[in-house]
Amino acid sequence: MPHQPPPVLEETQAISIFTPVNLILLALSLYLIYTRLRPSPSPSPPLPSSSSAIVFKTFTPKTLQPFNGTDNPKVYLAVNRKVFDVTAGKSFYGPGGPYSNFAGRDASRGLALNSFDEEVLTEVGAPIDTLAGLGEEERAALDGWAKHFEGKYLLVGRLVEEGSEEAKEAEKAEKEE
Ligand code: HEM
């Protein structure tokens, strides 16, 4: 068999690096390089100091009480001296809701005793319930509820005794605002 000469490529058939696949890969590489090197977006401007900003506040039983779902569009309650914004659960805590007794109140003892009886809760004008006399199971139930609230709602403040140093400081700070 006679030796065949190697085929001569015409110009249009010449092997080119500019194949469609290579062009796509090139575009992809350029895009990836661009996204890596692109300067990160400038940080968002600080939140305006309007009343809509979330501020950790100090409440006393009396200042918590207006957040009972009737006097204020926001509904708050306290568990273990932590105040939660439960507005998202207004169907539970709002007027006519099954747990409206807890709105604007320290709900701790009611949650511990699994009772929505208003009598179980400490009166608004009285010192904060020290939770004395709760049994081990009741305390465990209360801690379980505290975890439920921490996981579901926003912590907006702490509950302190009326007339305490903390309450006075908070009052002073609010006046200075
Ligand atoms: C009469 C029997 C009761 C029934 C049928 C009942 C039913 C329910 C149901 C269906 C939910 C909603 C669960 C969810 O979607 O996450 C709920 C939540 C709740 N229940 Fe009851 N409940 C009863 C008794 C009580 C009692 C006695 C208390 C008093 C401590 C209580 C306190 C709560 C609380 C605090 C929540 C959580 C609401 C929230 O996530 O904000 N329940 N209950």
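Visitor: Leaving aside its neighbours within four places in sequence, with which residues is Phe84 in contact?
Guide: This is a predicted model, and contact here requires C-beta atoms within 7 Å. With neighbours within four places in sequence set aside, the contacts of Phe84 are Tyr76, Leu77, Val79, Phe149, Tyr153, Leu154, Leu155 and Val156.

Visitor: Which residues touch the most other members of the largest nonpolar core?
Guide: In soluble globular proteins, nonpolar side chains tend to be buried together. The largest nonpolar core of this chain holds 22 residues. Those that touch the most other members are Tyr76, Leu77 and Phe84.

Visitor: Which element gives the most residues to this core?
Guide: With 4 residues, the element that gives the most is β2.

Visitor: What is the bridge partner of Tyr76 in β3?
Guide: β2 and β3 form a hairpin with 2 residues between them, and Asn80 in the turn has a positive phi of about 50 degrees. The pairing of β2 with β3 is antiparallel and runs over 4 bridges. Within β3, Tyr76 has as its bridge partner Asp85.

Visitor: Which strands form the edges of the open sheet?
Guide: The open sheet has 4 strands with mixed pairing, in the order β1-β4-β3-β2. An edge strand pairs on one side only, and this applies to β1 (57-59) and β2 (76-79). On average, neighbouring strands of this sheet are turned by 40 degrees against each other, direction ignored. The edges are therefore, with pairing defined by at least two bridges, β1 and β2.

Visitor: How many charged residues are in the shell around the ligand?
Guide: The ligand is surrounded by Val86, Gly89, Phe92, Tyr99, Gly110, Leu111, Asn114, Ser115, Phe116 and Lys152. By class, this shell has 5 nonpolar and 4 polar residues, and the number of charged residues is 1.

Visitor: What pattern does the chain follow along the sequence?
Guide: The chain has 6 helices and 4 strands. Read along the sequence, these elements give the pattern α-β-α-β-β-α-α-α-β-α.

Terms used. Residues are numbered from 1 along each chain as its sequence is written. This is a predicted model: local features need pLDDT of at least 70, side-chain atom pairs count only at pLDDT 80 or more; totals for chains, interfaces and linings use all residues. A residue is near a molecule or strand if its C-beta atom, placed from the backbone, lies within 6 Å of it. Ala, Val, Leu, Ile, Met, Phe, Trp, Tyr, Cys and Pro count as nonpolar, Asp, Glu, Lys and Arg as charged, and the others, Gly among them, as polar. Axes are lines fitted to C-alpha atoms, for helices over the stretch in contact, and angles run from 0 to 180 degrees between N-to-C directions. A nonpolar core is a set of buried Ala, Val, Leu, Ile, Met, Phe, Trp, Tyr and Cys residues joined through C-beta atoms within 7 Å. A residue is buried if 20 or more other C-beta atoms lie within 10 Å of its own, exposed if 12 or fewer, and partly exposed in between; C-beta atoms are placed from the backbone. Two residues are in contact if their C-beta atoms, placed from the backbone, lie within 7 Å.
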